[in-house]
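Colleague: I would like to learn how to read a model like this one. Please take me through it feature by feature.

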Amino acid sequence: MTRGSHPPDPLQSPAGPLAHRRIIVGVSGGIAAYKAPVLVRRLREQGADVQVVTTRGAEHFVTHTSLQAVSGRPVRSDLWDERAEAAMGHIELARWAELLLVAPATADLLSRLAAGRADDLLCTLRLATRAPVLLAPAMNVAMWEHPATRRNLERLQADGCLIAGPDQGPMACGEYGPGRMVEPEALAETVLDHFRAGEWLRGRRVLVTAGPTQEAIDPVRYISNRSSGKQGYALAAAAQRSGAEVTLISGPVSLPPPPGVTTVAVTTAREMHDAVMARVGESDIFIGVAAVADFRPASPAEQKIKKEPGAATSGRTLELVENPDIIAAVAAHPRRPFVVGFAAETHDALAHAREKRQRKNLDLIVVNDVSQPGIGFDSDDNRVALIWDGGERELAQAGKDVLAREIIATIAERLPSGLAPANPQGAKGITFS
Ligand code: PMT
């Protein structure tokens with residue numbers, strides 16, 4: 001060792017799978033904060049650069065001395081610390097991070113984050129960073145199950161936060177149930193998965209349709225279906241997190257646009273068709289999740305159709321004409337992307353989906369049985385099977401966001417290696433290991 005040189009950092013693996021990944025680990029004040037030093041250590045062993053940020057409450061459970069020892073950096077906790085701000089201001093720190101991981105995330109912290117507060121350093125960083133935010137909740141079972149916590153969690157997920165856990169088991173408070181923070185080893189694994197998944201579709205342009213279409217009968221009535229848009233929005237968000245540039249063409253739904261995704265609102269099947277066809281030539285992947293109305297009224301009335309006094313209430317007929325088949329047009333396009341369709345079936349789901357994949361000339365079809373309660377239309381969960389030329393894969397019932405990630409992983413695996421990305425500057429190739 002030459003004079004003045006530093007000994008190698010014993011905690012950090014320079015060649016680890018997280019080498020030079022920049023992670024802020026936020027620690028809030030719950031008993032699970034005692035696991036934070038182990039988590040930081042696991043991330044550092046894999047090569048990550050870690051900056052720990054604590055809330056006031058965290059300091060009751062874990063010392064800055066331990067967290068500094070394992071992270072190799074002074075811990076930050078105060079928004080008003082002049083010395084720390086002079087070294088790296090909170091906005092710079094927010095820009096520095098590639099991931100903000102909060103473990104444990106207490107009920108109080110979830111509520112402050114859901115409200116968008118900026119009253120301490122950690123909450124301010126969450127607002128100021130463009131990096132993904134991964135929260136590992138930990139709290140008493142009753143607090144976890146309280147409707148206020150459920151509301152906060154829904155809000156945070158809609159804002160694009162990722163949630164890991166909590167686990168189920170015996171808790172420090174003596175109760176048993178969900179509320180334990182995910183163990184540090186499993187969380188480090190989730191972080192690794194997150195960074196790997198972020199490369200799956202790097203440089204790819206993905207076009208997604210979601211939600212229903214509405215076809216006017218008159219100015220106040222329309223034909224539509226029960227799609228909420230949840231599955232399509234989850235897929236758009238998952239593709240965006242996998243590094244893709246995503247455009248979402250959405251029918252009328254009441255969901256907020258997924259962060260980082262260009263969202264185009266349409267109402268009718270013909271509008272959806274036109275919005276898709278205007279962009280398909282520059283897309284690598286098309287995912288048709290929308291439940292497009294196959295038919296529309298032939299001549300929608302310009303004024304509200306009134307009940308005619310004395311007229312029979314039954315026996316009215318509505319003449320329908322066929323809408324364009326959007327996915328078939330995409331599959332026939334001269335610069336055809338990788339085409340993924342969905343099939344909403346009520347019986348013999350697999351057989352119908354296999355036939356539909358061939359008839360519509362799709363590279364992959366995702367089939368769900370919409371007759372089953374608790375999955376399909378409007379529910380938070382789904383159960384799907386994926387069918388491609390020469391292969392099939394069934395996915396167990398899970399949240400639509402979890403399934404979306406699996407579907408994106410299968411699409412990334414099945415993309416022909418010769419398919420040049422529409423945005424080659426952004427491409428880094430697919431890294432599976
Ligand atoms: O929105 P959620 O409440 O979360 O519900 C999700 C879902 C059940 C709507 C979704 O998972 C789903 O199954 N979407 C496809 C619904 C559907 O219309 O399936 P289909 O079998 O009728 O159509 C097959 C494929 O052709 C689909 O990719 C569809 O987008 C496409 N299509 C259909 C008709 C048409 N005119 N143009 C099309 O592009």
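Colleague: Where does His20 lie?

Modeller: His20 is in the segment before E1. Keep in mind that this is a predicted model.

Colleague: What is the phi of His20?

Modeller: Start with the general idea. Most residues other than glycine have a negative phi. His20 has a positive one, near 65 degrees, and is not a glycine.

Colleague: How should I read the peptide bonds?

Modeller: By omega. Most peptide bonds are trans. Here, Ala103 and Pro104 are joined by a cis bond, with omega about 0 degrees. Pro104 belongs to strand E3. Another cis bond runs from Gly165 to Pro166, with omega near 5 degrees. Pro166 sits in the loop between strand E5 (162-163) and strand E6 (167-170).

Colleague: Now the charges. How many salt bridges are there?

Modeller: The rule asks for a side-chain nitrogen of Lys or Arg within 4 Å of a carboxyl oxygen of Asp or Glu. By that rule the count is 26. One of them pairs Glu98 with Arg22, with 3.9 Å between the closest N and O atoms.

Colleague: Why does the pair of Glu98 and Arg22 tie together parts that are apart in sequence?

Modeller: Look at where each residue lies. Glu98 is in the loop between helix H4 (90-96) and strand E3 (99-105), and Arg22 is in strand E1, so the pair links parts 76 residues apart in sequence.

Colleague: Which residues form a nonpolar patch on the surface?

Modeller: Ile31, Tyr34 and Phe61. Together they have about 330 Å² of accessible area. Ile31 is in the loop between strand E1 (22-27) and helix H1 (36-45).

Colleague: On to the ligand. Where does the ligand sit?

Modeller: In the second largest pocket. There are 28 residues around the ligand. Ser227, Ser228, Ala290, Lys356 and Asn368 come nearest.

Colleague: Which elements supply the shell around the ligand?

Modeller: Helix H10 (230-241), helix H12 (326-331) and strand E16 (338-345) each supply at least two residues. E16 gives the most, with 4 residues.

Colleague: How much of the ligand's accessible area does the protein cover?

Modeller: On its own, the ligand has 770 Å² of accessible area, and the protein covers 95% of that.

Conventions: Residues numbered from 1 in each chain as written. Predicted model: local features only at pLDDT ≥ 70, side-chain atom pairs only at ≥ 80, totals over all residues. Heavy atoms only, no water. Patch = residues over 30% accessible without salt bridge, like charges linked within 9 Å, V, L, I, M, F, W, Y side chains within 5 Å. Areas by Shrake-Rupley, 256 points an atom, 1.4 Å probe, with all protein chains shown as cover. Near = heavy atom within 4 Å. 1 Å grid on protein atoms, 1.4 Å probe; cavity = no way out; pocket = protein on both sides within 12 Å on 5 of 7 lines; lining within 4 Å. Sits in = over half its atoms within 2 Å of the grid points.
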